[in-house]
Amino acid sequence: MKYWKLFLIFILLLAAFLRLYKITSIPPSLYWEETALGYDAYSIMQTGKDYHGNILPILALSSFGDYKPSGYFYAIVPFMRVFGLSELAVRLPSAFAGIATVFVVYAIGSALYNKKIGLFAALFYTIQPWSIQLSRVGFETNLATFLLAMGVLLSIKAEKKTWLYVVSALFFGLSAYTYHSERIVAPLFGLVVGVRFLFSYLRSPKKGKPSLGWAVATLFIGIAMLFPILSNLKNPIIAHRAEETSIFSDPTPVLESNALRAEDGNTVVSRVLHHRYVLFGGLMLQQYVKNFSPTFLFLTGDENNRHGTHEFGLLYHVEFFLVAAGLYIVCVRRTFRHMLPVMWVAFSALPVALTVTSPHTLRFASAAPAFALLSALGIVFLSEVFGKIWRKKLILGILAILCIESVVYLHFYFTHYPVLSATDWQYGYKDLFSSLEQLKKPNQKVFVTREQGRPSIYYMFYTKQDPRYVQSQDAVVKKDQQEFLELGRYVFVDNIPPEKGTLVASSPSKMPKNVQPIQTILNPDGSVSWVIWEQQ
Amino acid sequence: MKKLHVLIFCMILLIAAVLRLYKLGSIPVSMYIDEIAIGVDAKSIAQTGRDMHGHSWLTPMFLSYGDYKLPVYIWIATASVKIFGATEFAVRLPSAVAGVLTVFLIYFISVELFEKRKDRIWIGLASAVVTAVLPWSVLFSRTGFEGHVGQMFLLLSILFALYARKRPWFIVCSAVTGALAVYTYFSIRFVFPVVLLASFIVSAKKFESKHIFRGVLGLVVFGLLLIPLVRSPYYAPSNAFRLSASSILDNTQRVLYSNVLRAQDREAWYSRVLHHRELYFLKDLITHYAAHFDLSYLFISGDVNLRHSTGKTGIMFLTFAPLFFVGLYVCTRKEQKVGIFLAVWYLIALLPASVPNEVPHALRSINGVGVAALLCGLGAVELYSFLYKKRFGKVVIGVFACAILFNIFSFLHDYTIHYPTRSKKAWSYGKKQIAQFIEEEKTSYDHVIVATDDSMYLWVLFYGNYDFTKVQRMPFIDNKLQNINTINFRRLIESDSESKHTLTVGLSDEVYKKDGFYPIPTAHSQDYIYRSQP
């Protein structure tokens, strides 16, 4: 029985290695959200305010005007104290969250079922492409997934120790402050936990009733944490993201509804049948269902190059059979313990159903641990279907296939993916700004084009701008929403204004034909990322 | 079978017939090029015993407009055209009849597959009623696609293969019907052999040598019957034609990608294995297969092509989803042999649909409609008996039944009222009116120039009054006609604007800039215009 501990330690070490090895160079650079998270965290660490000057924001930081939830920023601060303003500090919270989630998955598996399933689930989550991709980048969703999973774990453990409900509610609440999706998923879990507690309370004998005091405290904490979110639903601090991504902002279903009703002669029946809520409902259902497409989950992932490799899906190919077997055993047993992972997955797809981009690797990511649980249920069930002789051979066989698949995936991820996806990670900014700082003459104006997106935040990050200076400039400089368009002698433009003697950084296409670049910044595959030239 | 069962069965067939025959020919709004081509050949054979190119009707392959059609649908359409005249109804009738027969056959297949169960008749009836209303079946029953009739013959061959378990000589009937199916739709030549061999899974308690004998006999008869097809001079060009469509067989992208990756690995030995181009082929194939299991395609919006789907319903109703999944679950739990047979059947039916690049494809995978119906039927019966015993079971059953009825009625409402307008473009709406316009006006002019596309001649031949013995002697260039008496099908040239006694018909986006063009009054379409030069 002591072998369990050895296996677990091995799995955790593997998880740590896969998420930490060369974390700052694979993926090759910070993309703009990571840079924004990093610089704002630096600003909070130094001054207690974000770089726009807001003091200790609780709900969200305005960043580029897109109001990112606050959780991840504060998570970066302790790491930044140790490692300074660096890529490492930005990515470590996510990496540690990923490693910790492996342990949480083991704990959930062994609490719900048995140690064997717990270990399998932890192993599957450790090598899961979805988890690896998310843990190695400063994605808020990964931290939120950890917090949500902790909430789920604690709510399971709380069935024996009622005071844990309070801590569970705390974790659920924190997850809602870390990522948008959890603002829907966490309350749903809270509801389920609450209803279950109510039923178990009503059914338990008089002497064995769990303490109501803790339940009240939990309710209080839950509402207290939800209240700021709910009371700000119309405020851009919460609503902005929803408006940007929501399917309800699309006028097409309304137009279609009117057209259909007109074709029917606007009868009462047609006004109900073709009501725009019906059409929006249909659209929501379609968006919901897309997250379960086998192509998305097992073959290619979604279209965004930062969310996956495309070479593999979110889960390994063989996991299709494992998840299917897991779903089958859930349908056979039909206990709450078995339904929990399915419910978890079902809740996690709801936030994506409300948005225009579906399927979505990041917004659906809270389900990743649940899929590991389903795979674990599947492999154990499959092994038990066959007689004792085949049992070990089957498990070893499946593990062998999984091993081969993960080797192929990891080879691709560590060798090819950084080169193929470099431009999606805005590769080049680091070298660009160090070159610009070296090359520019004192007081020389520098134009940097916005072709690769949000150059100002990279400038602040890589030249370690003093947050107090930036805050003082917040009200003065030109901005696009909240993105800085100028700072100091640097101006960030879409079109380069003709001014003699200025230094310019742009793509080769924006450089006039007769000008020679002073320096060229290359991508890992040899293509040109930036050229630096001087205006005559 | 008791009298109640017979009554229910007849009602189901009646429903199936009504859904397929009501306004057949006018919904969908017009005929697509393949249907028109079938119609022209049928008209020609009905008149003269020879197709539009002058070849005898008894041939394993028709030239048509250069797409090499298989004969069986055209033969049946000829009979239909002879009786009902050259109308859309006549051309689509074979498919509608095949649709009703599909319902009929699914019942008997179901009863055969579940012979050990006491509720097999109810499963049969449930499967039949599912087929009768299923969008996948209804939509293709109302259109002249050979694939649908081929699917019906395949079902018949499956039924015979199942009968062959007790009465071995039925294997020959199965092979004959299988060959008939191949003479109706191309891709069935891959599907039938696999399904035939798979049918032994359902019958055998253990593997016996007589199964090998029966299987070989069936395949041999099947192969022999296909000889005329293989020996036809059109066989090779027809294969080339089918392979020319964009599909995963084109490996240029894969080769480039594979080379890039291997170069990055500096051509290491393991790289040639890991990044082998055939591995990517396998991935492409599996991805195309997986597209057919997309829940949106199955239950919500169906095929993107509006000739194959209304766009507002999946190939199965949304309310059938629970039935389908319960059926799948029951097959895994209790009826494993049937489950394996259905799985093999469905997977091989998906193969022709998964090779080309337009995925998911509801028509090329139509051979799987039987599987979908059987699973839904099984699921319906199992779900009913499960719920019946539960506390609020009867209420749930009632609510669910109402939901299904509502689903069906809103589908029919959409199909008859909104779908026709939505799908006009997909069904080449307007070409019939152009052809009729040309036929009316051609006597008032010396020349008629039709500058729309190279297939308009088919519409003119179908809707006009032509003696096909003369048509067969006309010069076909690249299997298409460019002149029919005074009508010329070609592009416009500069000198055309000066010619006298000429009627010109064209597409508004190409020729509208030239003056003198007006929209054609009967066409109700912005796309077609004409110019009259007296």
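This is a predicted model: local features need pLDDT of at least 70, side-chain atom pairs count only at pLDDT 80 or more; totals for chains, interfaces and linings use all residues.
B:Pro28 sits in the loop of chain B that runs between helix H1 (3-21) and helix H2 (33-48). Most peptide bonds are trans.

Next, select B:Val359 and B:Pro360. What is the peptide bond from B:Val359 to B:Pro360, cis or trans? It is cis, with omega near -5°. To place B:Pro360 in the chain, display helix H18 (336-354) and helix H19 (369-388) of chain B; B:Pro360 is in the loop between these two helices.

The next two stops concern phi. Most residues other than glycine have a negative phi.

Select B:Asn479. Phi of B:Asn479 is near 65°, a positive value, and the residue is not a glycine. The loop that holds B:Asn479 lies between strand S2 (476-477) and strand S3 (480-481) of chain B. B:Asn479 has 13 C-beta neighbours inside 10 Å, so it counts as partly exposed. A residue would need 20 or more such neighbours to be buried, and 12 or fewer to be exposed.

Then select B:His501. Phi of B:His501 is also positive, near 50°, in a residue other than glycine. Look for B:His501 in the loop between strand S5 (487-489) and strand S6 (502-507) of chain B. Why does B:His501 count as partly exposed? Because 13 other C-beta atoms lie within 10 Å.

Now zoom out to chain B and colour its domains. The domain assignment gives domain 1 as 3-30 + 87-245 + 282-422, and domain 2 as 431-533. The centres of domain 1 and domain 2 of chain B, taken over C-alpha atoms, are 41 Å apart.

Finally, show chain A together with chain B. How many residues of chain A are in contact with chain B? There are 21 of them, and they meet 21 residues of chain B. On chain A, select helix H12 (252-263), helix H14 (276-290), helix H15 (294-300), helix H16 (319-333) and helix H19 (388-420): each supplies at least two residues of the side that touches chain B. H19(A) gives the most to this side, with 5 residues. Colour the side of chain A that touches chain B by residue class to see 11 nonpolar, 7 polar and 3 charged residues.

How values were computed: Residues are numbered from 1 along each chain as its sequence is written. Chains are lettered from A and ligands numbered from 1 in the order in which they are written. Two residues are in contact if their C-beta atoms, placed from the backbone, lie within 7 Å. Helices (H or I, at least four residues) and strands (E, at least two) are DSSP runs, numbered from the N terminus. Ala, Val, Leu, Ile, Met, Phe, Trp, Tyr, Cys and Pro count as nonpolar, Asp, Glu, Lys and Arg as charged, and the others, Gly among them, as polar. Domain bounds come from an automatic or database domain assignment.
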